[in-house]
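Subject: Model for you to look over

Hello,

Here is the structure we talked about. Please open it first, then read my notes below.

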Amino acid sequence: MSAALALSERTRGRTAPNPNVGCVLVKDGRVVGRGWTQPGGRPHAEAMALAEAGEKSRGATCYVTLEPCGHVSPRGPACAELLVAAGVARVVIALGDPDPRTNGQGVAKLRGAGLVVIERVAEDAARAAMAGFLTRQVRGRPFVTLKLATSLDGRIALPSGESRWITGPEARAHAHLERARHEAILVGRRTWEVDRPRLDVRLPSLEGRAPRRLVLSSTGDLTRPSDIASLEGVDHLLVEGGAETAAGFLREGLVDRLLLYRAPILIGSGKAALGDIGLTDLPAAHGRWRLIDTRTLGSDRLEVYASN
């Protein structure tokens with residue numbers, strides 16, 4: 001299942017409105033097929049793995065990160081039916097599919113055809129890997145990551161507005177990799193007008209993975225943070241600035257994940273990373289975030305937090 005989860009990450013940010021699923025077929029202790037949801041959502045991971053395995057699929061065990069779809073679509077057959085037709089003997093599933101068109105029907109079809117089905121293997125890891133799809137299904141909006149690059153004292157720019165560059169090349173490269181894993185990237189109007197950010201992906205071989213660029217303003221793509229619910233084909237949204245835009249998303253409880261890049265510098269009376277987030281007392285600030293990852297990037301430090 002760990003291998004299937006790793007495969008699912010290959011097209012994160014490119015499969016919406018479909019989930020980014022990974023699949024591995026194993027027979028006689030050897031991997032005979034691998035698959036992951038392709039850009040645009042088709043083929044599905046199971047179809048790709050079955051095509052690679054061919055006749056070796058018969059009697060194999062399928063490890064898949066999401067319940068195989070149980071409904072026939074104009075874009076392709078139901079994966080549960082493909083697994084049955086291929087003669088797969090056993091299916092190990094990380095997570096059930098909340099899509100009402102499947103939601104248990106895939107498992108029912110597999111068991112009805114005599115396949116052994118094991119569920120909820122590495123369920124938490126699968127939820128993290130497919131957070132965009134699941135957030136859209138459950139909350140009706142994209143999964144939102146807020147990125148902040150600050151000094152040790154929480155500043156994002158000098159008093160003059162100069163902000164290039166607070167973090168070093170390693171941290172900036174990591175931020176570009178994050179961009180490649182999102183369908184859209186958003187900044188506020190002032191950031192767009194003053195900084196004129198390119199908001200692209202400048203990493204070798206990933207230049208074509210640049211996300212859709214959005215501006216939050218009274219006359220922009222979106223006028224309020226809550227408008228993100230209307231974005232079609234966007235399950236992962238990266239918010240990059242500025243301070244008031246970031247504060248607006250936090251104030252409305254729309255941030256699911258926080259990327260905090262901190263450079264080992266002190267700026268003093270520069271521009272703060274955040275505006276008013278609506279906090280009225282300190283006790284309310286506690287318990288909102290949990291640290292899920294931390295790493296060193298050159299001389300900078302990255303901390304990743306998830307919303308509770």
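A polar contact here is a pair of N or O atoms within 3.5 Å; within protein, one must be able to donate a hydrogen and the other to accept it, and residues adjacent in sequence count only if both atoms are side-chain atoms. This is a predicted model: local features need pLDDT of at least 70, side-chain atom pairs count only at pLDDT 80 or more, and totals for chains, interfaces and linings use all residues. Residues are numbered from 1 along each chain as its sequence is written, and side-chain values use heavy atoms, with hydrogens and water left out.

Arg-257

The side chain of Arg-257 makes a polar contact with that of Glu-178, at 2.9 Å. Arg-257 lies in strand 11, residues 257–262 (strands are DSSP runs of E, at least two residues, numbered from the N terminus). Arg-257 is buried at 12% relative accessible area (buried means under 20%, 1.4 Å probe, protein chains only).

Strand 10

Strand 10 spans residues 236–241, and six of its six residues are buried. Strand 6 (143–150) runs parallel to strand 10, joined by four bridges. Phe-143 stands opposite His-236 there. Strand 8 (184–188) also pairs with strand 10, parallel, over four bridges (pairing takes at least two DSSP bridges). Val-187 has Gly-241 as its bridge partner in strand 10.

Five strands form an open sheet, ordered 2-1-3-4-5, with mixed pairing. Strand 2 (30–36) and strand 5 (116–118) are the edges, each pairing on one side only. Strand 1 (22–27) and strand 2 are antiparallel, over six bridges. Val-24 has Arg-34 as its bridge partner in strand 2.

Best wishes

Note on methods: Buried < 20%, exposed > 50% of the residue type's maximum accessible area, 1.4 Å probe, protein only.
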